[in-house]
Amino acid sequence: MADSEYAPFAARVSLITGAATGIGRQLALELLASGQSLVLVDKDLVGLQSLASSLPERCSLIQHDFALDTGLEDRVSDAIEKLGRLSGLVHVAGVSHISPLKALTRLDLERVMAINAFSAFDLVKHCCKPKYHLSGMSVVFVSSVYSLVGSAANSAYAMSKAALNSFARSLAIELAPRRLRFNCVAPGFVRTEMLENLAQRMGPNYLAELEHLHPLGLGQAEDVSNAIQFLLSDRARWITGTVLSVDGGFTAQ
Amino acid sequence: MKNYLERMAELLEVDHVSAEDVMEDFECWDSLTVLSIIAYLDEVFKVKVSAEQVNQCRTVGDLYSQYGGL
């Protein structure tokens, strides 16, 4: 299907949070390769710089820690002024938090909610102002299988990711008259540096146990990136308010 | 040390613990309790330990001297 209704996919501007590593980085690399210009957000500025080094004219970098609610709006405005109005917004940034209830504190929960969920509010509150996006902008939140199924020691993380699912559904209805789309992808476990670090702490059988939970095996960052790009594209123009499982069959069991 | 013992009592689901208590003797000792201890050490002492490292400590006091008293 041609991208006829709006700007061609390759000519669009997208904003990606959590772009320095993992799924966000993979998505950024693929969108840059397709020709898009990107607003890249992460607390790791060095990681962003290495990502953008080959195409600096098509990238605008924003160092931001979503644990802190300060200063994002002005920097996003500046970036949009440089690159053009947004056609895509993908919120990948997040933090995992493994802690059983008896060790979980209110402060832990507030931090996880701030980074994973309230951050999405900050982003869309600003980016959904008409002056900052083009018609038909697609917004994708990266949720988790744990927003859909239970898992011991993951209650804070699960709560934060489930909040994204509900937030996307509500905004899908509220902003459909303006032709904005909101969806989530709910990935299973993908092989990233974060997962390797976690596996070292959890013990020798951890990765094998995780693998067993995924009938198609553990995923790669590009598996999630592919799904996000579909939701960003006009091929998904009649899809809004969904949570797309991208999990190798994890939640099919 | 006093705060540590109070928090360990909470994680081990008893009213009081002493440094000499053997961790695996507690009724609630399981992988979730180990995870709780990992999260607690990370939060309070800013030290990242593995499940294996926690299991290598025999007593409540051993854990403190190894990772809590840094």
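Tutor: Helices here are DSSP runs of H or I with at least four residues, strands are runs of E with at least two, and both are numbered from the N terminus. This is a predicted model, where local features need pLDDT of at least 70 and side-chain atom pairs count only at pLDDT 80 or more, while totals for chains, interfaces and linings use all residues. Residues count from 1 along each chain as its sequence is written, and chains are lettered from A and ligands numbered from 1 in the order written.

On that basis, chain B has 4 helices and 0 strands, running α-α-α-α from the N terminus on. Its radius of gyration is 11 Å, close to the 11 Å that the globule rule gives for 70 residues, so chain B is as compact as a globular protein of that length (C-alpha atoms; the rule is 2.2 Å times the number of residues to the power 0.38). Along the principal axes, its C-alpha atoms fill a box of roughly 25 × 25 × 20 Å. Of the 70 residues in chain B, 26% are buried (20 or more other C-beta atoms within 10 Å of their own, C-beta atoms being placed from the backbone). Among its contacts with a separation of 6 or more, 46% join residues 24 or more positions apart (contact means C-beta atoms, placed from the backbone, within 7 Å).

Now for the neighbour. 11 residues of chain A are in contact with 11 residues of chain B. The chain A side of that has 6 nonpolar, 3 polar and 2 charged residues (Ala, Val, Leu, Ile, Met, Phe, Trp, Tyr, Cys and Pro are nonpolar, Asp, Glu, Lys and Arg charged, the others, Gly among them, polar).

Next come the nonpolar cores (buried Ala, Val, Leu, Ile, Met, Phe, Trp, Tyr and Cys joined through C-beta atoms within 7 Å). The largest has 66 residues, and Ile16(A), Val39(A) and Val140(A) are among those touching the most other members. Apart from that core lies another of 18 residues, including Ala153(A), Tyr4(B), Ala39(B) and Val60(B).

Val140(A) stands opposite Asn183(A) in β6(A). Leaving aside neighbours within four places in sequence, the contacts of Val140(A) include Val90(A), Ile228(A) and Leu231(A). Here, 5 bridges join β5 (133-142) to the parallel β6 (181-187) of chain A (strands pair if DSSP finds at least two bridges between them). Chain A has an open sheet of 7 strands with parallel pairing, in the order β3-β2-β1-β4-β5-β6-β7. At its edges, β3 (59-63) and β7 (243-246) of chain A each pair on one side only.

Key
Contact = placed C-beta atoms within 7 Å. Buried ≥ 20, exposed ≤ 12 C-beta atoms within 10 Å, placed from the backbone.
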